[in-house]
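Visitor: I would like to learn how to read a structure like this one. Please take me through it feature by feature.

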Protein chains: 4
Amino acid sequence: MAGNTFGKAFCVTTWGESHGPALGAVIDGCPPRLRLIEETIQKALDKRRPGKGGPVETSRKEPDKVQILSGTFEGLTTGTPISLLIWNKDARSKSYEHLREVFRPGHGDYTYLKRYGIRDHRGGGRSSGRETAARVAAGAVAQLVLDLLGIKVLAYTVSLAGIDAKERDLDQIERNRLFCPDMDAAEKMEEAALKYRTKGDSVGGIVEVQATRVPAGLGEPVFDKLDAEIAKAFMSVGAVKGVEIGSGIKAAYMTGSQNNDPISPEGFLSNNAGGILAGISNSEPIVARAAIKPIPSISMEQDTINTRGEACKIKVGGRHDASAIPRIVPVLKAMLQLVLADHLLRRFQIEITDYHTTIRDRVNGKLI
Amino acid sequence: MAGNTFGKAFCVTTWGESHGPALGAVIDGCPPRLRLIEETIQKALDKRRPGKGGPVETSRKEPDKVQILSGTFEGLTTGTPISLLIWNKDARSKSYEHLREVFRPGHGDYTYLKRYGIRDHRGGGRSSGRETAARVAAGAVAQLVLDLLGIKVLAYTVSLAGIDAKERDLDQIERNRLFCPDMDAAEKMEEAALKYRTKGDSVGGIVEVQATRVPAGLGEPVFDKLDAEIAKAFMSVGAVKGVEIGSGIKAAYMTGSQNNDPISPEGFLSNNAGGILAGISNSEPIVARAAIKPIPSISMEQDTINTRGEACKIKVGGRHDASAIPRIVPVLKAMLQLVLADHLLRRFQIEITDYHTTIRDRVNGKLI
Amino acid sequence: MAGNTFGKAFCVTTWGESHGPALGAVIDGCPPRLRLIEETIQKALDKRRPGKGGPVETSRKEPDKVQILSGTFEGLTTGTPISLLIWNKDARSKSYEHLREVFRPGHGDYTYLKRYGIRDHRGGGRSSGRETAARVAAGAVAQLVLDLLGIKVLAYTVSLAGIDAKERDLDQIERNRLFCPDMDAAEKMEEAALKYRTKGDSVGGIVEVQATRVPAGLGEPVFDKLDAEIAKAFMSVGAVKGVEIGSGIKAAYMTGSQNNDPISPEGFLSNNAGGILAGISNSEPIVARAAIKPIPSISMEQDTINTRGEACKIKVGGRHDASAIPRIVPVLKAMLQLVLADHLLRRFQIEITDYHTTIRDRVNGKLI
Amino acid sequence: MAGNTFGKAFCVTTWGESHGPALGAVIDGCPPRLRLIEETIQKALDKRRPGKGGPVETSRKEPDKVQILSGTFEGLTTGTPISLLIWNKDARSKSYEHLREVFRPGHGDYTYLKRYGIRDHRGGGRSSGRETAARVAAGAVAQLVLDLLGIKVLAYTVSLAGIDAKERDLDQIERNRLFCPDMDAAEKMEEAALKYRTKGDSVGGIVEVQATRVPAGLGEPVFDKLDAEIAKAFMSVGAVKGVEIGSGIKAAYMTGSQNNDPISPEGFLSNNAGGILAGISNSEPIVARAAIKPIPSISMEQDTINTRGEACKIKVGGRHDASAIPRIVPVLKAMLQLVLADHLLRRFQIEITDYHTTIRDRVNGKLI
């Protein structure tokens with residue numbers, strides 16, 4: 001009933017609080033005999049790591065070094081649970097004492113207390129963005145499954161602080177701190193973000209995630225449709241308030257003749273579907289977007305109440321980020337990796353009907 | 001691994017194809033001693049039933065009479081699985097033979113074949129909108145759980161054929177065929193839809209769903225957040241391409257000071273959060289929207305291929321609807337009912353820590 | 001949280017009460033393109049059907065005709081949920097009114113009331129053995145999956161009324177009403193059972209189930225071990241009080257050198273393991289046994305209480321069976337079929353790492 | 001699909017190999033506001049810890065110190081995942097190199113290789129008994145839930161090396177190394193075990209587990225019956241080959257009038273049911289037994305094959321235990337704790353129908 005596990009075949013359970021001793025993930029269901037070493041995961045984590053600097057993001061520094069505690073043997077996965085551990089380092093020194101008895105607007109402070117009757121007020125506890133480090137680590141393992149088919153997943157910022165990217169030059173993504181596929185837009189985004197941050201405010205944006213070389217036939221009707229699972233995966237990331245697939249919200253304003261993707265012997269002639277029809281992948285690139293709300297921690301004064309129900313004012317001080325997007329981009333990428341790895345494994349059990357001669361051979365064969 | 005079950009505590013499994021003998025749902029986990037008779041479910045089904053007429057919707061007529069086959073005794077639920085059955089009536093006469101070897105653009109024809117290697121081409125088989133009748137029936141049972149707390153769920157059309165509703169007069173919803181809370185807009189929507197339908201085309205739109213009197217504290221961090229589950233629930237409905245919670249996509253273009261909801265001793269002072277913070281309900285109304293793509297069955301000529309991979313043209317003839325929205329409105333309502341009932345039951349197991357004296361009393365007490 | 005679904009990949013949900021209008025099962029996760037018609041299921045159901053006569057079993061007559069309501073197309077499974085329906089026929093005429101306010105010893109009357117606060121007293125409601133008809137129907141579908149590998153499952157009576165079968169001549173199983181592999185023992189069992197039934201009493205027994213040609217490598221450590229799942233599957237059948245795998249309880253009285261199965265290049269040299277090591281099949285026949293308690297409905301007078309907590313006497317009259325075994329044999333067979341089909345599908349998803357070149361070929365290939 | 005998680009409401013995922021760096025468990029679904037410190041768990045672990053000495057058990061020494069990495073705040077559970085970590089200490093020095101290419105009879109060596117195509121041969125890897133340390137740690141947390149109702153769980157040895165305990169003096173359990181409730185029998189068991197160990201052989205036995213003060217009404221028909229879940233829980237422990245509830249296998253040789261438990265206004269007059277009727281607890285003590293096979297690691301010479309399929313001989317040398325029972329007793333206790341905590345939480349969600357006025361009050365109430 002608790003909700004800290006994601007996936008049915010490639011199952012990831014995350015644990016850990018912002019200011020506890022550590023955080024981590026357990027992956028159950030990873031296929032055996034995939035090459036996995038800590039460096040593979042570390043590379044993905046380094047992209048998410050807070051503290052890259054610039055006007056958008058300035059906060060807490062964490063080395064986020066991952067350890068693999070189980071599930072591999074001589075550099076290969078064994079098919080048993082993979083336990084990943086990341087120690088919290090920068091957490092202990094900070095004082096959150098003043099937040100013990102007040103609810104920050106836009107945060108989970110109030111709802112966690114109503115949900116559990118107890119609340120770890122230090123840095124948001126479990127509702128902190130730090131939990132997503134475990135998701136990124138797990139996503140890097142999921143990618144090993146996707147690599148078997150050459151599936152590639154990319155995430156990038158297409159809007160920030162009111163500035164929309166005009167182009168999708170995916171080669172630019174790694175060349176700016178915002179993971180934006182439009183260098184001009186990236187520059188304007190930083191400027192705009194700086195302006196708001198100077199005022200003590202924060203800004204929202206939109207992240208797009210794309211997966212290419214996904215085979216047709218992934219996804220489970222009717223409730224576990226591939227797009228339904230992506231929607232859940234994205235919306236489960238803290239600041240996300242909207243999710244779109246393919247033409248997305250715009251589809252609501254199109255006609256059938258505009259939105260339908262005609263088919264040719266060479267493939268689909270457009271991709272309004274975002275790679276998914278009736279909940280199942282159609283071999284076109286999967287394209288999904290998430291709308292990210294501005295970070296609720298702002299240093300402007302806001303109305304709120306304390307735990308005794310009394311009105312009060314709050315300024316959430318300190319060096320806060322202008323936007324969570326630079327850290328959310330790798331997280332959304334990880335979530336799509338997790339969804340795809342899960343559905344890849346859910347789908348290909350059924351191949352049993354195709355290759356049973358092989359299995360039959362083994363059954364008839366000798367013991368080794 | 002198959003995906004025809006929704007919910008963890010209030011679990012609904014649907015089954016049935018568009019042109020099979022029947023369709024239905026099994027509900028496992030409904031609390032006992034709730035009053036349930038067929039009429040309760042029938043009322044909800046009647047709202048979804050195709051064939052209400054008007055320019056938007058003209059198609060197949062089905063009585064959709066529901067039978068309760070198990071799980072009740074003398075008019076009360078017993079806590080055992082509730083099996084609901086709806087016979088297909090209008091299905092048999094139609095001929096879909098010409099669609100056996102061709103893939104309709106925008107439909108699941110191609111992807112189902114890639115997924116399963118076999119396809120029931122008659123009316124879309126399992127991917128047909130008819131499957132949603134079972135969801136609406138199950139939603140009516142879920143409402144019995146919500147009734148315990150007085151939770152009310154409403155769904156309504158806020159955009160159709162490019163016309164946006166200007167007001168949210170919820171009293172109007174039941175007074176027009178489009179479930180639109182703005183009578184003027186409803187009229188314009190019908191006109192616009194008629195115009196497109198005459199051309200053989202179809203139109204998209206947006207549906208909003210609202211739940212009031214939801215207690216604070218529902219939702220399971222981190223993956224099964226209440227908004228994540230709503231996103232999945234909505235996106236699992238055939239034509240949905242986008243889902244928003246509260247300020248939704250707009251949040252991407254707002255600042256923290258605009259989007260944060262200040263708190264007062266009387267409650268939250270705005271509801272950009274859409275009733276959910278950090279994945280947990282905050283006692284404000286839950287507000288979610290789904291963007292619906294235009295019905296892909298249009299009578300305009302489209303490029304496609306047949307099952308031998310050859311290029312061909314298709315016109316999907318017959319009296320098709322201009323929009324699925326009049327039938328999707330009750331379905332989205334049902335999906336929110338299912339999510340809330342599930343999370344209500346997931347949440348209140350934990351009350352054991354609150355009332356264990358009562359349980360202890362029973363344990364100490366006599367056998368009866 | 002409710003428990004009416006079995007299996008994770010091959011998922012069966014059963015529904016229905018003894019005296020409701022019908023009972024049935026929904027199977028989600030059956031692979032597509034398997035040949036399935038009603039006759040296949042009916043044959044299995046006919047073996048379980050009550051009313052075969054003889055001294056052991058004399059009760060209620062039900063035709064138990066199964067209907068397939070979804071999940072097949074032109075005689076093949078489609079990969080979508082298979083809904084199976086069996087109408088109750090002989091149920092309505094009986095009067096159970098005298099049991100409305102009294103708890104039968106050995107039955108679920110008291111516990112169901114404590115569990116749900118409401119009870120369908122007619123024939124045990126959901127706790128009736130009739131529910132197992134749905135399991136047998138589902139087991140026949142599971143066998144289609146097992147047929148892909150030539151796996152064969154047999155169930156037979158090895159003890160009844162204190163008489164143990166001395167031999168395992170599996171050809172005899174179908175030649176006597178008790179499914180006993182020892183014709184002499186079968187005769188003595190009927191005699192002994194008759195003696196007890198004449199006194200108004202009932203008898204217990206032991207059923208053995210065997211699966212041959214199961215490939216090595218099925219089962220999921222550590223909790224979903226193949227033997228753990230069999231133990232659950234068997235113990236979930238009403239009257240079962242004990243489950244053994246291979247040498248079973250006897251293993252507790254053996255030494256390591258006696259109980260270990262030596263290995264040779266041709267295979268294992270004994271099968272004390274019952275075909276399962278460390279929770280995973282080892283290619284030897286899987287052998288499991290269930291101990292069945294005597295039917296609690298006896299016409300001898302027993303002490304009990306009524307729903308007001310008052311002491312009273314009860315004789316459960318009518319033509320009751322001496323033993324449930326003739327009906328439980330097919331049910332236990334079905335449960336092993338379900339476990340094996342589930343684990344076969346759970347296992348072979350992982351083959352993706354073996355045949356990804358094939359998948360890769362498809363991805364690179366043309367659309368059809 | 002992978003099987004390393006147990007429970008639906010109180011969910012435990014274990015991870016770790018015998019000779020990896022660490023092992024642990026993640027508990028998801030533990031209610032908030034329970035007092036939990038490391039000492040509570042350590043006490044339970046200390047009982048399971050290998051290396052207590054005596055003729056039965058002489059092997060590997062591990063401090064098994066547990067760390068709580070998440071899920072508590074100021075000594076109370078928060079409702080978020082509880083991550084437990086135990087470092088392996090004594091593991092590294094041992095050499096298992098000679099077992100890399102040979103399959104030990106009675107072990108999972110062969111089946112793990114067939115299952116995964118890769119095998120951590122060091123000490124059995126994931127199939128090692130060491131994994132159960134994580135179960136015992138989780139069981140100690142589950143007990144916190146049981147404590148709310150005063151439920152007490154005891155496990156003890158009732159047979160070892162062919163010697164059966166004659167009495168059930170539960171006060172003796174903690175007074176001997178075998179957790180035997182019969183001091184005389186315990187002495188004979190040690191003698192018998194010593195005799196076999198001297199020969200290089202090992203012995204089996206039977207463990208009984210009992211839970212008292214369990215309220216009536218726990219358990220989920222039809223598949224997740226309380227006894228079915230106990231059967232799975234017990235059989236999932238490595239060496240278990242048989243599970244019995246109440247009268248168990250003996251029920252197969254009893255008549256209905258002997259086996260039925262008569263009911264009186266003061267309670268049941270006997271407990272052949274072992275506290276469970278129709279899968280639901282009846283308020284009598286829950287009594288279950290597990291038959292444990294002899295440890296397969298024996299120093300007597302055995303026939304086996306190597307990974308090239310060639311016949312060879314093996315002696316599993318070193319100071320091996322005569323029986324796993326002293327370590328399995330706490331593990332089986334933990335498994336019953338886990339089952340009961342899970343079903344307690346699964347059951348009491350449904351109380352919502354009983355106390356909705358309270359919830360309604362909160363809904364109507366002010367924000368705090």
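Visitor: How many salt bridges are there between chain A and chain B?

Guide: A salt bridge is a side-chain nitrogen of Lys or Arg within 4 Å of a carboxyl oxygen of Asp or Glu. The count between chain A and chain B is six. In one of them, E220(A) meets R115(B) at 2.6 Å, N to O. This is a predicted model: local features need pLDDT of at least 70, side-chain atom pairs count only at pLDDT 80 or more, and totals for chains, interfaces and linings use all residues. Side-chain values use heavy atoms, without hydrogens and water; residues are numbered from 1 along each chain as its sequence is written, chains are lettered from A and ligands numbered from 1 in the order in which they are written.

Visitor: How many residues of chain A are in contact with chain B?

Guide: Contact means heavy atoms within 4.5 Å. Here 104 residues of chain A touch 104 of chain B.

Visitor: Is strand β16 of chain B mostly covered or uncovered?

Guide: Strands are DSSP runs of E, at least two residues, numbered from the N terminus. Buried means under 20% relative accessible area (1.4 Å probe, protein chains only). In β16(B), residues 286-292, seven of seven residues are buried. One side carries I286(B), A288(B), A290(B) and I292(B); the other carries V287(B), R289(B) and A291(B).

Visitor: Which strands pair with β16(B)?

Guide: Pairing takes at least two DSSP bridges between two strands. β10(B) joins β16(B) through seven bridges, antiparallel. There, V207(B) stands opposite A290(B). β11(B) is also antiparallel to β16(B), with five bridges. I245(B) has A288(B) as its bridge partner.

Note on methods:
Buried < 20%, exposed > 50% of the residue type's maximum accessible area, 1.4 Å probe, protein only. Helix = DSSP H or I, 4+ residues; strand = E, 2+ residues; numbered from the N terminus.
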